[in-house]
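Here's a quick briefing to read alongside the model. Have the viewer open and follow the topics in turn.

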Amino acid sequence: MNYLVTGAAGFIGSHLTEALLSRGHTVTGFDNFDSYYQKSVKERNLAIAMKSPNFKLVEGDLRTESDIHALFEANNYDSVIHLAAKAGVRPSIESPKDYFEVNVNGTLNLLEAMRLTGHKKMIFASSSSVYGNNKKTPFSEHDPVDDPISPYAATKKAGELLCKTYHNLYGFDIYALRFFSVYGPRQRPDMGIHKFLSSFMEGKAITMFGDGSSKRDYTYIDDIINGTLKAVERCSGFEIVNLGESKTVSLKSLIDEVRTVTQRDAEIKYLPMQPGDVFETNADIEKAKHLLDYSPKTDIKKGLKAHFDYLNTFQ
């Protein structure tokens with residue numbers, strides 16, 4: 001099978017690319033190496049994939065229609081796995097236009113290129129952020145998601161709607177996967193777990209936003225990859241599916257676990273909750289279990305240890 005993975009040099013994209021290659025598939029990776037964090041980090045993410053004769057890296061931008069169309073003119077893909085996006089809730093509040101240009105217009109460019117070349121199968125990376133401050137937990141795919149609290153969340157909801165439109169109009173098969181707080185080796189440097197582990201390891205102070213009672217459904221990267229691979233195999237029609245651990249961990253408890261894993265301590269600076277941050281995320285994964293045989297295996301203790309061991313290789 002031949003796959004196109006957008007955002008292939010990123011955290012999830014690089015892991016997924018390796019998983020597809022290990023199964024004997026051919027992968028074209030598409031990435032613009034956005035300056036949100038260092039290009040060298042993304043290049044390191046792809047180090048294993050670059051050694052495979054079945055992998056080809058194409059550097060380009062979702063906002064540039066010619067870059068997208070060139071991909072489909074030269075290849076016939078069995079499926080497109082669309083992970084590329086401008087990430088981050090807080091930065092989206094500062095630069096909402098950039099987020100809409102990449103996450104919404106870029107997704108539209110991709111869907112149009114697929115339509116024009118007869119490609120009709122996509123996995124779309126959505127986010128738990130679309131639920132906003134949903135009062136009902138755990139979050140179900142049937143819950144209303146019309147109250148986003150960040151431009152990033154709004155772009156992911158818009159992406160889902162575009163995908164549903166192309167399913168309705170043109171018969172595309174698309175699964176929109178709502179990822180919940182993914183962590184593990186290669187996690188983006190700006191993400192909480194990466195920052196906490198690094199700060200504890202280096203003896204630097206960390207920042208706690210709020211009183212530590214906010215909760216996240218942290219999901220280990222291997223579980224996300226397994227769920228995504230099942231989605232690639234089974235994608236038919238249009239579905240929205242939560243991929244999470246289905247357990248919550250408070251911010252205070254997470255920091256305690258980081259302290260245990262690193263066997264070190266760090267000063268904690270307390271600040272108010274930040275605009276755009278939700279208080280709790282919690283995935284109802286019954287649909288994923290039924291549709292994808294999804295079953296997360298890695299709890300927070302085991303996942304943090306694996307993440308810590310990875311970071312230690314760079315010390």
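Tyr77 is buried, at a relative accessible area of 5%, and Phe72 is buried too, at 4%. (Buried means under 20% relative accessible area, exposed over 50%, and partly exposed in between, using a 1.4 Å probe and protein chains only.) This is a predicted model, so local features need pLDDT of at least 70 and side-chain atom pairs count only at pLDDT 80 or more, while totals for chains, interfaces and linings use all residues. Residues are numbered from 1 along each chain as its sequence is written, and side-chain values use heavy atoms, with hydrogens and water left out.

**Aromatic pairs**

- A search of the whole structure turns up 9 aromatic pairs. Rings of Phe, Tyr and Trp (its six-membered ring) pair if their centres lie within 6.5 Å; planes under 30 degrees apart count as stacked, over 60 as edge-to-face and the rest as tilted.
- Phe72 and Tyr77 make an edge-to-face pair, because their ring centres are 5.7 Å apart and their planes sit at 90°.
- Phe139 and Phe180 form a tilted pair, at 6.4 Å centre to centre and 45° between the planes.
- (Helices, H or I with at least four residues, and strands, E with at least two, are DSSP runs numbered from the N terminus.)
- Phe139 is buried at 0% relative accessibility, and Phe180 is buried with a relative accessible area of 0%.
- Tyr131, Phe139 and Phe180 form one aromatic cluster.

**Charges over rings**

- Arg178 lies over the face of Tyr131, 4.9 Å from the ring centre. To count, NZ of Lys or CZ of Arg has to be within 6 Å of the ring centre and within 35 degrees of the ring normal.
- The charged end of Arg115 sits over the ring of Tyr170, at 5.4 Å from its centre.

**The sheet and its helices**

- There's an open sheet of 7 strands with parallel pairing, in the order β3-β2-β1-β4-β5-β6-β11. Two strands pair if DSSP finds at least two bridges between them.
- β3 (55-59) and β11 (238-243) are the edge strands, each pairing on one side only.
- On average, neighbouring strands of this sheet are turned by 20° against each other, direction ignored. Axes are lines fitted to C-alpha atoms, for helices over the stretch in contact, and angles run from 0 to 180 degrees between N-to-C directions.
- β5 (residues 121-127) and β6 (residues 173-179) run parallel, joined by 7 bridges, and Ile123 stands opposite Tyr175 in β6.
- Helix α5 (residues 96-117) lies across β1 (2-6), β4 (79-82), β5 and β6, running at about 170° to β5.
- Helix α8 (residues 221-234) packs on the sheet as well, touching β1, β4, β5, β6 and β11, and its direction makes about 165° with that of β6. Contact means heavy atoms within 4.5 Å.

**Helix α1**

- α1 (residues 11-22) has 12 residues and reaches 17 Å from its first C-alpha to its last, close to the 16 Å expected. The expected span is 1.5 Å times one less than the number of residues.
- It's mostly covered, with 11 of the 12 residues of α1 buried.
- Gly24 follows α1 and has a positive phi, near 90°.

**Lys287**

- Lys287 lies in helix α10 (residues 286-292) and counts as partly exposed at 25% relative accessibility.
- Not counting residues up to four places away in sequence, Lys287 touches Glu141, Glu239, Ile240, Val241 and Leu292.
- Lys287 and Asn242 are 45 residues apart in sequence and 7.5 Å apart in space, C-alpha to C-alpha.
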